[in-house]
Amino acid sequence: MMNTNPTRQPTADVFSLDYEGRGVARNQGKTVFIKGALPGETVAYRLITEKKQFDEAQATAILRPSPQRVTPECRYFETCGGCVLQHIEPAAQVALKQRIWEEQLQRIGKVRPQQILPPIYGTPKHYRDRTRLSVGTDRQGLPVLGFRAKRSHQIVDIAECLVLPESVSAVLPDVKKLLRRFAEAGGKASSVEFYRTDEITVFNLIVEQRPSEKGLSVLKRWFDETLSRRPECWQIWLQQGKAAAQAFYPAERPMLAYELAEFGIRMPYRPGDFTQINADINQIMVGRALRWLDIQAGEKVADLFCGLGNFTLPMAKSGAEVVGMEGSGVLVQRAEQNAAANGCSNVRFQTADLFETTPQSLAAWGRFDKMLLDPPRSGAYAVVQALHEPYLPQKIVYVSCNPATFARDAAVLVEKGYVFRAAGIMNMFAQTAHVESMGIFERA
């Protein structure tokens, strides 16, 4: 029910949540997306943007709160764009993501798996093993460090973060001190990155131009005074613009790497390489994918959008002939190195623009018994469209970070005769609206 009395702010009964974490209501048949509102709530709001098909608004008062509403732990929640769901109880966040995911499957793909698996919850805090924070200056010229503000390019200056590892969150005030000293030495940083593993945490400073000797001395002195005294093993890397990052100080440190213990895989990587941000959920995800595929020795298996070989190398442990395909030549080279380091000789990698896949290029790959798809948010539409007899794999596992493109592509696979056996979500990105999921499709 909507109150549109012009003498006061309108009110709305919120009935759903959208994929950005906004409450959904209606005003005289027009959809209103309300930031800060939850399903089941009655809220007062102010309009931010009026468009032909929908309006965007901000909740100004919660007149009837949801029992799932909680007080956000983070003091930056109202402004920082890093998280959008901290005002929802963690288990309820997952339930809402599950509902959004199912609605997208039905509305966009008009498909439903035979079995919907229970969600994988993960931990709600301190899970983010890699992150990038923006660097800027305030009106006094002092450095600010943080995520971008909600729907803005402005940087929210933070001194701690709930989703970063506690060891990383603890050094943020020290990093801001470094940025000030670095700027006084003539250095200019555009952003910083953190990569945390069990063995080492890398602090990657991204600069516009190579620092002067004075600036480099500032970095070394700051490390010796700050990071070297912490219980964790740290290393500073430097990256100039979009060039590859390079280890800076100290020179001798363990390489970044994550483990896939179930398969005896150790996966080295460098700052800038794509890895999943949540190592614990990634291990669960890889294990489920391999159980679903049930790869047998002698089979031929494809891993498309393979990256570093996150799924490819565990596949190779089965004794099958495995082919990994990836659009980035740098990642293909890194995957080849990882295969050699893990003793996987039954796998080969090739560079391919999978967004340009055609029936002809797919036929040139040859026939695969099984296939895994792990595309970016834009999905694997060209690949699933190109699938045709006699090149239809018996099983396809699809790993998705976007319910909309997953629903679209699932519909194509079902049209091509695949049975949508099972699917489920994984809370890879707790406190955010991002939904990770995976499904298995089998030829009837």
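How many residues does helix α4 have, and how far does the helix reach from its first C-alpha to its last? Helix α4 (residues 213-225) has 13 residues and reaches 18 Å, close to the 18 Å expected at 1.5 Å a residue, where the expected span is 1.5 Å times one less than the number of residues. Helices here are DSSP runs (H or I, at least four residues) and strands are too (E, at least two), numbered from the N terminus.

A word on the basis: this is a predicted model, in which local features need pLDDT of at least 70, side-chain atom pairs count only at pLDDT 80 or more, and totals for chains, interfaces and linings use all residues. Residues are numbered from 1 along each chain as its sequence is written, and side-chain values use heavy atoms, with hydrogens and water left out.

Back to α4. Its buried residues (under 20% relative accessible area, 1.4 Å probe, protein chains only) are Gly215, Leu216, Val218, Leu219, Trp222 and Phe223. Seen down the axis, they fall within an arc of 155°, so they line one face of the helix; the arc is that of the directions from the helix axis to the C-beta atoms. On the other side, Glu213 and Lys214 are exposed, meaning over 50%. The cover over the buried residues of α4 includes α3 (172-184), β11 (201-207), β12 (234-240) and β13 (246-249), with contact taken as heavy atoms within 4.5 Å.
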